[in-house]
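Please read these comments with the sequence and the structure open beside them. They are set out as numbered points.

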Amino acid sequence: MGYPHILFLITAYREILISDGEMASGPEGSHAALLLLPPSEFLFSGTSKILNKKIKTIFHLVRTGAYLRALQKSELYQSIAPRGSTKVDNLQAKVKSWCDANTSEDDKLEALAVSAACVRLFMQANVTGPQVKDNILPTLPSNIEDLVLSGEDVSPSTRLGLSLMLARAILVDNFSFFPSSLEFYVLWWSARYASLHQLVFKTNVAELAEFSFETWRKICEILDSKKAPKAVKDHPTLTAQAYLEASQSHWTYYRTKLANEALDKAKKFTGVKLNATGIMGKRTMFQQESKVQLVVEIASKPRTLQADKKESLVWKEIVDRHIKKAGGSEGKTGMEESKPDSEVRKEEEKGEKDTSGLYPPVAPLNSDYLLNKPKLDKDSASGDTCAVDRAILLLQSVHKRKVTMLGDVIGNAESLEYVRTVVNILPKIPSGERSWSIMVASLYYRSMWEAGDREYSTRSLAQLENLSFLHEKNSEEDEIVASFRQSTAYISALPPIWELRAALADGYQKMNMLQSALKEFTKLESWPEVIRCSILLGRKAKAEELLQKEIKNHSPAEEGKYKNRAQKRMLARLYCFLGMIRNDPAIFAKAWEISGKSYPKAARLLAAYHYNRKEYKESIGHFRDALAVNPVHIDSWYKQGVAAFETEEWETAKNAFSRVVSLDRDNGQAWNNLAAVHLHLKNHKEALGALEEATKHKRRNWKIWENYLTTALHLKWIPQACRGLSKSIELRRREAINSEVIDLMTLETITQTLPIIKEKAMDKKVSTTTEERVKQLGLGPGSVFQLYYTCLQKCTDLVSHPALWKARAELSELVFDYESAVEFREHHLKGLQVEGWEEKGETAVDVLVAAISLVAAYLKTNDANHTTSARLLVDSLEGRISKSENLEDLVEVRKLSARLQDSIKSAVTTVTATVEENSEEQSTLPDYLADWA
């Protein structure tokens, strides 16, 4: 027996349950029914026979935002937290006992509905709002401390922890309770639970990282194999939503490849068209000449638009009724389009006033000259968009921002334009079709990314103020509003409420509004920031006094006798903050001991103390202690690797950097450091592999490319060395060229090419181009010779350097192209003849050696004109050397000078023989060669 109606618990749509032709009434009256999948019989046929009245009620309450009432209707919840109870003990045991005693199909559906209600209630309390009271649910024995995993701190602002842990107890601890027909839905809600649990931590935790990976792997396998429930497969956007949630989860744990694959699958499923392009336009009010403006074009497919429109019919009724109750006008929700440029400021300020209370106010730009958005000379190719496709665009901007390298102006501008596009789309969308969560998320990310720009910083701070206090506003229809806000909340990358507040406080601090920042950080119990602000305000002593008071309040009455684990953790946490104020490692060590060596932050702070003082040996052990508790803390692995590298503990360093790149494959610096460790261990192949990865993420880092070049050359892998050489020169021009490296590359290329050439018999005197000779010799595309020759061509186009010209000449001589060799030898010699070369013995030697090679190239052409050039060259060089007093006593210079004269005499003799052979009428040499003959 299938369970197609369970789709209601998964989908973001809030349709009203229809059974036997009757429409159920919502808590605030009847609303127009929205059918999730046409025809309606597909979903609702037979549901009255499957679901009893109680289960129907629970389902309906979950879908319409009445999460608490749904729990109160459940026997499962009542068995765990009877009415009037204030604390819940032995949660896992109670859930297990209920599952063992209740095994009917309705019981399994009820358990899934309760878990869905718990996840949504936790989402409402901590992410989307509206505000809920803390006492609506009993607490756990240690309150939020029961949410701790891997010893990491839970945000003090976390609320309704019972709802999250109850969802975990049902979905994770009792996964086997559910039949295989419900597996897909249980997995999806389990993944949502894990994403929310991760939100309460500032750092990733090992338990959730592994669990999320396995859960999303199973979900995506089901979707990829087309084995998902029919209701999911047939829906126009549900599969895309699943892939988007998977993408977000993978990004959280730095699984870039998997995240991009999931995002691409979502785009493919919806068929959204995305294109970043340039259109002429103006960005300022007074700009006369149009400039190219970056524009992101987006358009949804009709199929997804139609599904979005059906949902909007229900939401529009809810929104309009809510607006009337709020005393506003229908359709005015604070995101209306601004009027022409001449009235842009007045109209923006009018339009930003929210009359409904449903949508966040949008802060105006208030710039003296910048337009709110560019005025384009022509319309972009963007079309209508659905909520899921807007979420795709938003997530793409967030993902792009994460992988954009520091200082990459173009990458940052592109990601910002993506999110601005989402914001600019919203005013064009009717009220019922807007997604609250996408709107809030896009405004949040726009504010965060604009904060560093002087022109936008004021708007950024004002917008963060609007968003930060939005969750505190209560509504007469809180349940409907809660459901409305969560319609796309799981695919919007929404931050938790405390992150919004922290961003606001950080904005205050950057604007030097320290009193306001201190107030916000204090509310959040964000002690490191409280300490920082207090120090800036000259209140360090007061901050220390406050911490001492808190420590006293949380200390046990008798030394060493703590009430529970939560008290130990809280005391250890406070001691850590006190240690930060005093910068005292003994206090960090005390915190570590108080926690029973289970609080990794204490060990990390102790390790950081020694690390910052370059006491690397001492820091390694403390990093090891911290990582034993939470092994997915990337920064600890990285710093342990650096400390081990400095102390030459190569195996420890290799293990540390290997763990970093296994957790975050986009960490280019860690890949580079891992390569350096392998080089010290003489593992050159592994080093090159690591550098290959490093170059993918640090494309503009010339040091990595030089390491890549030298490592490839050590392995005699010329194709890789060519890539390293060309990228190094592209980044640093002449500074990247090392003559010894070029000579080694040339020698290795010749060594690998000679055996191929020897197998080919050809007339060396035939005058053809290098390209033709390469073909004749079998050195086609992909050969070492061809790769290196092409690389040198590109390099000499970028910069003229003697070493490059010398290498090109030697390659041309290798394939008997002496005419080209002469040209390159001339460039080589010219590059060496810098001003004053004849006054230094070393440069004089280089010039003479190059001249001898050039004369040899002249000779190989058997051209009388080249021989004349050779004589003139020798005369010139001999004249300059003979005048230099610094070179008179240098034996090597005298020897090379003699060799040069001997080579020109040989050239003249050869030309004489050639002339006699080819022309019986010309029996004597020209006068200017006669002396040499």
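The points below take up the basis of the model, a pocket, salt bridges, backbone details and a surface patch.

1. This is a predicted model, in which local features need pLDDT of at least 70 and side-chain atom pairs count only at pLDDT 80 or more, whereas totals for chains, interfaces and linings use all residues. Residues are numbered from 1 along each chain as its sequence is written, and side-chain values use heavy atoms, with hydrogens and water left out.

2. The second largest pocket has a volume of about 910 Å³; a pocket here is an open set of points on a 1 Å grid over the protein atoms alone where a 1.4 Å probe fits, with protein on both sides within 12 Å along at least five of seven lines, and lining residues have an atom within 4 Å of a point. The volume is the space filled by probe spheres set on the points, which are joined across faces, edges and corners. Its lining counts 41 residues, and Ile 144, Pro 156, Ser 157, Thr 158 and Arg 159 lie nearest the centre. Two or more lining residues come from each of H8, H9, helix H22 (497-510), H23 and helix H26 (565-582), with helices taken as DSSP runs (H or I) of at least four residues and strands as runs (E) of at least two, numbered from the N terminus. H26 gives the most, with 5 residues.

3. How many salt bridges does the structure hold? There are 32, each defined as a side-chain nitrogen of Lys or Arg within 4 Å of a carboxyl oxygen of Asp or Glu. Lys 54 pairs in this way with Glu 110, the closest N and O atoms being 2.9 Å apart; Lys 54 lies in helix H4 (residues 53-63) and Glu 110 in helix H8, so the pair ties together parts that are 56 residues apart in sequence. Lys 54 counts as partly exposed at 25% relative accessibility, whereas Glu 110 is buried at 1%; buried means under 20% relative accessible area, exposed over 50%, and partly exposed in between (1.4 Å probe, protein chains only).

4. A salt bridge also joins the side chains of Arg 192 and Glu 245 (2.8 Å, N to O). This pair links distant parts of the chain, with Arg 192 in helix H10 (residues 183-199) and Glu 245 in helix H13 (residues 238-252), 53 residues apart. Arg 192 and Glu 245 are both buried.

5. Gly 129 and Pro 130 are joined by a cis peptide bond with omega of about -5°, and Pro 130 is found in the loop between helix H8 (105-128) and helix H9 (161-171). Lys 226, a residue other than glycine, has a positive phi near 60°; it lies in the loop between helix H11 (206-224) and helix H12 (230-234) and is exposed, at 59% relative accessible area. Glu 525 likewise has a positive phi, near 55°, in the loop between helix H23 (514-523) and helix H24 (527-536), and is partly exposed at 34%.

6. Met 285, Phe 286 and Tyr 369 make a nonpolar surface patch of about 300 Å². Such patches take residues with over 30% relative accessible area and no salt bridge, nonpolar side chains (Val, Leu, Ile, Met, Phe, Trp, Tyr) being joined within 5 Å, and accessible areas come from the Shrake-Rupley method with a 1.4 Å probe. Met 285 lies in the loop between strand S3 (273-284) and strand S4 (291-299), and is partly exposed, at 31%.

Notes. Patch = residues over 30% accessible without salt bridge, like charges linked within 9 Å, V, L, I, M, F, W, Y side chains within 5 Å.
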